[in-house]
Amino acid sequence: MSGSTSPASSADPFVLAVARVHDGLGFLPDDDFIVVVAEGTVVDLGPRARLLGKYSALPLVDHSNAVLTPGWIDTHVHSTMPGDGRPIEEVAPAPFETRIAIATANLRAHLAGGVTTVRDLGSHLDYLTWPPGPGLMPRVLRYGMPITADRGHMHLFGGALKAARTVTDVARANLEAGADGLKLVASGGGTLGTVPHETTLTSDQVAEAVRLAHTYGKRVTVHALTNGAIIAAAAAGADGIEHLGFLATDGLSRVQQEALEAAIAAGIVFGSTLGCNEAYLHLSGSNGTAEHDEQSIRTEYYRRNADRVLGAGGRMAIGTDAGWKHTPFGAYTRELQLLAGAGVPAERLLHLATAGNADALGVPGLTGMIRPGHPADLVVIDGVDFAARAPKVLEVVAAGRRLASPGTPS
Ligand SMILES: [Zn+2]
């Protein structure tokens, strides 16, 4: 983990000059813009030639060859897991202070990599009590402890169902502790003793959580690696599905048309996670191992299924699964590159990473757009040819404050 040191950020007003602007919806026509930031918000945006004189008294941050987009949103992280290959069985039992130290370094690394908002999709209940800081941090939406079957995937976070502990019990514990939404686990996964291609919750169980969450005005997203779990989540009215598994009962990925159609008809958002554990493929000494085979096969079918979902008109959110096993924080651009490789053009990719993701999270006014009056969550990069190379992150602004040391830490 290589998080930047705590930055001495200031809320003083400034002017940012850039070549191009993607405002969350698309690229603005023409070049050479300035954005004026004060008191945490964007107060003005327009052509440099027209506006610069008006704001000449403010300090100028000059990135006049670069591209400005809203700060990126990662819809799927595990803040308290290190993402250095250690499995959940090893890290979940750590004491609160250790888990918070990991989260602090992780969130700083993600911010330095351009991510100004994250959604945590699996931590202990006590993570909800932590006020992120010190120093500049991304905005953190937390879904509490995942609701999972007895001994089910991620049960080590404390959200497992028992004979006398219902979905409503765990859901209520999360929501009353301040969770921003609920995460359900409807299939096995990477937790020891679970089978990824096994469906573990019924549609009725998912519906029970959805009803309660929606009463609180909160969303529900479901870890659903199987076609069966996707069908259950869609029937239950869930808002999101994590990953692009579409696993059949034999463990192979085969998109079942019924599952795809049900999810699309229900308006469900698929979380991408193409780069989940993909970093393993680049580790020295990984070649030829069984895990290398497994990760490359999965990376390939996630890419294929992303193409299938988008081609069928499905909704997608961009999430990395950072923290999980080999998935590092600070590498959001890697997920963008993998999606670019799956055929998503840069303009759409940047929309999905910003306004699209804000919409998927149900917080469209909170972040994800560059508009006067909106919070100033911004990132400046040196190019948008994601398929060719990872862009360099030149500037990060979170709620109007400039990060002292932006860059791509990993
Ligand atoms: Zn995850």
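Start by selecting Asp30. Asp30 sits in the loop that joins β1 (14-21) to β2 (33-38). Check its backbone: phi is near 75°, a positive value in a residue that is not glycine. Keep in mind throughout that this is a predicted model.

**Next stop: a cis bond**

Select Gly133 and Pro134. The peptide bond from Gly133 to Pro134 is cis, and its omega is near 0°. Where is Pro134 placed? Pro134 is in the loop between β6 (115-120) and β7.

**The zinc ion**

Now select the zinc ion. Which residues coordinate the zinc ion? They are His76 through NE2, His78 through NE2 and Asp321 through OD, at 2.1 to 2.2 Å. Look along the sequence too: the donor residues follow the spacing H-x1-H-x242-D. Colour His78 and Asp321. His78 belongs to the loop between β5 (72-77) and α2 (88-91), while Asp321 belongs to the loop between β12 (315-317) and α9 (332-341), so the pair ties together parts 243 residues apart in sequence.

**Two domains**

Zoom out and colour by domain. Domain 1 covers 14-70 + 369-402, and domain 2 covers 72-361. Their C-alpha centres are 30 Å apart. Now show where they touch. Domain 1 gives 25 residues to the contact, and domain 2 gives 21 residues.

How much area do domain 1 and domain 2 bury between them? The answer is about 1800 Å², with 70% of it on carbon and sulfur atoms.

**Across the boundary**

Next, show the strands on the side of domain 1 that touches domain 2. The elements giving two or more residues to that side are β4 (60-70), β13 (378-381), β14 (393-398) and β15 (401-402). Which element gives the largest share? Pick out β14, which supplies 4 residues. Then colour that side of domain 1 by residue type. You will find 17 nonpolar, 4 polar and 4 charged residues.

**Last stop: a salt bridge in a loop**

Side chains of opposite charge can pair when their charged atoms come close. How many salt bridges does a search of the whole structure find? The search finds 15. For one more example, select Asp150 and Lys162. They form a salt bridge, with the closest N and O atoms 2.9 Å apart. Both Asp150 and Lys162 lie in the loop between β7 (139-142) and α4 (167-176), so this pair ties together parts that are 12 residues apart in sequence.

How values were computed:
Residues are numbered from 1 along each chain as its sequence is written. This is a predicted model: local features need pLDDT of at least 70, side-chain atom pairs count only at pLDDT 80 or more; totals for chains, interfaces and linings use all residues. Side-chain values use heavy atoms; hydrogens and water are left out. Domain bounds come from an automatic or database domain assignment. Contact means heavy atoms within 4.5 Å. Buried area is the accessible area (1.4 Å probe) that two parts lose on being put together, summed over both. Ala, Val, Leu, Ile, Met, Phe, Trp, Tyr, Cys and Pro count as nonpolar, Asp, Glu, Lys and Arg as charged, and the others, Gly among them, as polar. Donors are N, O and S atoms within 2.8 Å of the metal (3.2 Å for Na, K and Ca); water is not among the atoms, so sites may look incomplete. A salt bridge is a side-chain nitrogen of Lys or Arg within 4 Å of a carboxyl oxygen of Asp or Glu.
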